[in-house]
Amino acid sequence: TRFNRRHGDRFHFVYTPIHASWVNQIEIWFSLLQRRVLRYADFPCAGAMPRAVMNFIRRWNRDEAHPFNWTFRGHFVHTQRRHAA
């Protein structure tokens, strides 16, 4: 790609399937953030939302952080390699 050539061909682009385990894990965590902090929130100023999110992160890391159980029981779909344009 032109981007990669401009940067000395330092990058190797890899297709990441949407069923990748890290995608599922982060979606769970963002769902918790949305339900607990953002859904019905009314922030009085622009700085209130980042503070609320950071408070949730601190509380999560201190009291609740744990690995999520990955329960994918399906079959992985192997597709042809895709190349970045």
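Biologist: In which element of the protein chain is confidence highest?

Modeller: This is a predicted model, and the protein chain averages a pLDDT of 83, with 76% of the residues scoring at least 70. Confidence is lowest in α2, where the mean is 86, and the highest mean, 95, belongs to α3.

Biologist: In what order do the elements of the protein chain run from the N terminus on?

Modeller: The protein chain contains three helices and zero strands. Read from the N terminus on, its elements therefore follow the order α-α-α.

Biologist: What does α3 reach from its first C-alpha to its last, and what is expected at 1.5 Å a residue?

Modeller: Helix α3 takes in residues 48-64 and has 17 residues. At 1.5 Å a residue the expected value is 24 Å, and the computed reach of α3 is close to that, at 23 Å.

Biologist: Which residues of α3 are buried, and what arc do they cover around the axis?

Modeller: The buried residues of α3 are Ala 48, Val 53, Phe 56 and Trp 60. They lie on the same side of α3, because the arc that they cover around the axis is only 135°. As a general point, an α-helix has 3.6 residues a turn, so residues three or four places apart point the same way.

Biologist: Which exposed residues does α3 carry on the face turned away from its buried side?

Modeller: Exposed here asks for a relative accessible area over 50%, and Arg 62 counts as exposed because its relative accessibility is 60%. Arg 62 also forms a salt bridge with Asp 63, in which the closest N and O atoms are 3.0 Å apart. The exposed residues on the face of α3 turned away from the buried side are Asn 61 and Arg 62.

Biologist: Which salt bridge links distant parts of the chain, and how many residues apart are its partners?

Modeller: The count of salt bridges comes to two, and in one of them the side chains of Glu 64 and Arg 36 meet at 2.8 Å, N to O. Glu 64 belongs to helix α3 and Arg 36 to helix α2, so the pair links distant parts of the chain. Both partners count as partly exposed, since the relative accessibility is 26% for Glu 64 and 44% for Arg 36. The salt bridge asked for is that of Glu 64 and Arg 36, with partners 28 residues apart.

Biologist: Which residue has a positive phi although it is not a glycine?

Modeller: In general, most residues other than glycine have a negative phi. The residue in question is placed in the loop between α1 (2-6) and α2, and it counts as exposed because its relative accessibility is 53%. With a positive phi of about 50°, the residue is Asp 9.

Biologist: What share of the 85 residues in the protein chain is buried?

Modeller: The protein chain exposes about 7600 Å², of which carbon and sulfur atoms supply 56%. A residue counts as buried when its relative accessible area is under 20%, and buried residues make up a share of 13%.

Terms used:
Residues numbered from 1 in each chain as written. Predicted model: local features only at pLDDT ≥ 70, side-chain atom pairs only at ≥ 80, totals over all residues. Heavy atoms only, no water. Salt bridge = Lys/Arg side-chain N within 4 Å of Asp/Glu carboxyl O. Helix = DSSP H or I, 4+ residues; strand = E, 2+ residues; numbered from the N terminus. Buried < 20%, exposed > 50% of the residue type's maximum accessible area, 1.4 Å probe, protein only. Areas by Shrake-Rupley, 256 points an atom, 1.4 Å probe, with all protein chains shown as cover. Expected span 1.5 Å × (residues − 1). Arc of directions from axis to C-beta. pLDDT = per-residue confidence, 0-100.
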